[in-house]
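Here's a quick briefing to read with the model open beside you. Have a look at the structure first, then go through the points below.

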Amino acid sequence: MSAKIGVITFPGTLDDVDAARAARRAGAEVENLWHADADLRGVDAVVVPGGFSYGDYLRSGAISALAPVMRSVIDAAYKGMPVLGICNGFQILTEAGLLPGALTRNQGLHFHCTDTYLEVANAQTAWTSEFNAGDRILIPAKHGEGRFQAAAETVEKLEKEGRVVFRYTDNYNGSVNAIAGITNETGRVVGLMPHPEHAIDPLTGPSTDGLGLFVSAINAVTAAV
């Protein structure tokens, strides 16, 4: 069985084509999903990609979190479907309540576009099984509002339950505990600010390390059949 991964496009989304390319490179069939369409079309997993959905008006991800497709994604996530939120997609997942915390303006209020090494803190999620805990992966990042923040008790819970998935090794944006990505209680929903879909081909990215997230999702889906 081949996995079918859906990639959502919102008004203002920039990286949907890149996410679809990454999923195909990993071996998945790709289904393009439109923000106004509540039908997930039988996908096995969903990527909520990066970009500037709705121009980041109100708050980054706040409007997209109310889209018809996200209501279906929320329902599917609660039933165990793997969901990955990348950059703006991570912001959307927090706004939708699928992940805790918030992504705020970077330390120093600067937009950063850089290649960053992430430490894999949890290699047991649906999106990280191809890695080992402690691995360092080189992934591009580009955001102005990627500083992860949460109430102290929420951060403590994330740390205690092993739900921090990725940490910055340089923490250039000032995220609490250098958190670059987290997961929900089941390990099926993951959000991260850097862009693994831009690290799948040595011709176009700094590494191929990002491909492991998409391969992991395919393995998670096919193993469940």
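Ala178 is found in the loop between β9 (164-168) and β10 (179-183); helices (H or I, at least four residues) and strands (E, at least two) are DSSP runs, numbered from the N terminus. Keep in mind that this is a predicted model, where local features need pLDDT of at least 70, side-chain atom pairs count only at pLDDT 80 or more, and totals for chains, interfaces and linings use all residues. Residues are numbered from 1 along each chain as its sequence is written, and side-chain values use heavy atoms, leaving out hydrogens and water.

**Positive phi**
- Most residues other than glycine have a negative phi.
- Ala178, not a glycine, has a positive phi near 55°.
- Ala178 is also buried, at 14% relative accessible area (buried means under 20%, with a 1.4 Å probe and protein chains only).
- Cys87 is another non-glycine residue with a positive phi, near 55°.
- You'll find Cys87 in the loop between β4 (83-86) and α3 (88-95), and Cys87 is buried, with a relative accessible area of 6%.

**Helix α2**
- Buried residues in α2 (residues 68-78) are Val69, Met70, Ser72, Val73, Ile74, Ala76 and Ala77.
- Their cover includes β1, β2 (29-34), β3 (45-48), β4, α3 and β11 (189-192).

- Leu14 sits in the loop between β1 (4-9) and α1 (16-26).

Key: Buried < 20%, exposed > 50% of the residue type's maximum accessible area, 1.4 Å probe, protein only. Contact = heavy atoms within 4.5 Å.
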